[in-house]
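Please read the numbered points with the sequence and the model in view.

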Amino acid sequence: MTPFIKKLAAPLFAVALLSAAAPLAFTVPAQASEVRYIVNKQAITSYDIDRRAAFLRLQKRNPSEAGTDMVDQVLRSQELARIKVNVTDTQLDDSYKRFAESNKLSPAQMDEILNKAGVTKAHFREYMRVQMGWGQALGMRARSENRLSEQDVVQRMMKEGRKPSATEYLLQQVIFVVPAADRSSILGKRKREAEAMRARFNGCDSTRTFAKGLIDVTVRDLGRVLEPELPTEWADQIKTTKAGGATGVKETARGIEFIGVCSQREVSNDRVARMVFGAEDADKSEGAAELSKKYTEELHKRGQIVKR
């Protein structure tokens, strides 16, 4: 993961909300919900906006920005779906727990504060989910905007007198499929099965043999992947896994997965140089806030937004 991506993976959702060790004494009364915006056929209601206004008060921001804030969030959420960036419930649970602990609160205490403030746990978690995914989207955009041509790479290597190298991984993906309709009932069982197989993993050659006796297990050869290309959600685990080993298991939209590291080697060629130089340029380019603003403005221009 490049330094730029690491910056984006930091808690973008962090807010000054929980100096709220002081009890919050107001709640938002229940009321009829009306559609206030339609963003690419998705409705934003007065209920959504009231929750966001309460959240902005906790951040000491102007609650009149709630409508605009919700439109931005919906646009970003739709973009994450389009580019297939997914934040799982497990990742969200972990981040929610860490956020509570960083404010010296248990998750239950944080739930209570959010509910009393009129924000609600569900609203805050959706905010976190989009912010976490948006960080990944910004990293992808930064990399794409800093791609170099072959001629640029050759000139750069001659000028700097170096030819960058990177680790190349041969990877295999193992998926214990969990149908959406059965997720709540069998997810735990599938996770235990995946952990048992992962514990027996001793190289990619035997994976399919192990999988034969198991139901709904998919083994996919991912081929050779350079370190800068590793998917953000797996990169750290892959880099700390020795050849012949496997990462820990992870909950995804497909079910429970782990990645086998078949082999790894250092390579140095023009393709590697293009990636390394591009990542270095991304670190020097506009910051996350500027890139986020530009990207969101593009979504506004492309989208259909109707205010009721």
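1. In this predicted model, helix α4 (residues 89-102) packs against helix α5 (residues 107-116) at an angle of about 85 degrees, and their axes are 9 Å apart. Because angles of 65 to 115 degrees count as roughly perpendicular, α4 is described as roughly perpendicular to α5. On the α4 side, the residues in contact are Tyr-96, Lys-97, Phe-99 and Ala-100, and they meet Pro-107, Met-110, Asp-111 and Leu-114 of α5. Sorted by class, this contact has six nonpolar residues, two charged residues and no polar residues.

2. The loop between α4 and α5 contains Lys-104. The phi angle of Lys-104 is near 60 degrees, a positive value in a residue other than glycine. Is Lys-104 buried or exposed? With a relative accessible area of 77%, Lys-104 is exposed, because the label applies to values over 50%.

3. Lys-60 lies in the loop between α2 (46-58) and α3. Although Lys-60 is not a glycine, its phi is positive, at about 60 degrees. The relative accessible area of Lys-60 is 71%, and this residue is therefore exposed.

4. Of the 17 residues in α3, 13 are buried, so the helix is mostly covered. After α3 comes Lys-84, whose phi is positive and near 60 degrees.

5. Which helix does α3 (residues 66-82) cross at roughly 90 degrees? The partner is helix α12 (residues 288-302), and the two axes come within 10 Å. The angle makes α3 roughly perpendicular to α12. From α3, the residues involved are Val-71, Asp-72, Leu-75, Arg-76, Glu-79 and Arg-82; from α12, they are Ser-292, Tyr-295, Thr-296, Leu-299, His-300 and Arg-302. By class, the contact of α3 with α12 has five charged, four nonpolar and three polar residues.

6. Val-130 belongs to helix α6 (residues 121-145). Leaving aside neighbours within four places in sequence, Val-130 is in contact with Gln-73, Arg-76, Ser-77 and Leu-80. One of these, Arg-76, is also listed where α3 meets α12. The C-alpha atoms of Val-130 and Val-74 are separated by 8.6 Å, while the two residues stand 56 residues apart along the chain. At 2% relative accessibility, Val-130 counts as buried, because buried means under 20%.

7. Apart from neighbours within four places in sequence, the contacts of Tyr-169 include Gly-223, Arg-224, Val-225, Glu-227 and Leu-230. Ile-238, Lys-239, Val-261, Ser-263 and Gln-264 are also in contact with Tyr-169.

8. Thr-45 is found in strand β2 (residues 42-45). Why does Thr-45 count as buried? Its relative accessibility is 19%, and buried means under 20%. Not counting residues up to four places away in sequence, Thr-45 touches Ser-33, Glu-34, Val-35 and Arg-36.

9. The chain as a whole may now be considered. The protein chain has twelve helices and seven strands. Of its 308 residues, 44% count as buried. Among the contacts with a separation of 6 or more, 75% are accounted for by residues 24 or more positions apart. The protein chain exposes about 16500 Å², of which carbon and sulfur atoms supply 51%.

Notes. Residues are numbered from 1 along each chain as its sequence is written. This is a predicted model: local features need pLDDT of at least 70, side-chain atom pairs count only at pLDDT 80 or more; totals for chains, interfaces and linings use all residues. Side-chain values use heavy atoms; hydrogens and water are left out. Axes are lines fitted to C-alpha atoms, for helices over the stretch in contact, and angles run from 0 to 180 degrees between N-to-C directions. Helices (H or I, at least four residues) and strands (E, at least two) are DSSP runs, numbered from the N terminus. Angles under 35 degrees count as roughly parallel, over 145 as roughly antiparallel, 65 to 115 as roughly perpendicular and the rest as oblique. Contact means heavy atoms within 4.5 Å. Ala, Val, Leu, Ile, Met, Phe, Trp, Tyr, Cys and Pro count as nonpolar, Asp, Glu, Lys and Arg as charged, and the others, Gly among them, as polar. Buried means under 20% relative accessible area, exposed over 50%, partly exposed in between (1.4 Å probe, protein chains only). Accessible areas come from the Shrake-Rupley method with a 1.4 Å probe; for residues, only the protein chains shown count as cover.
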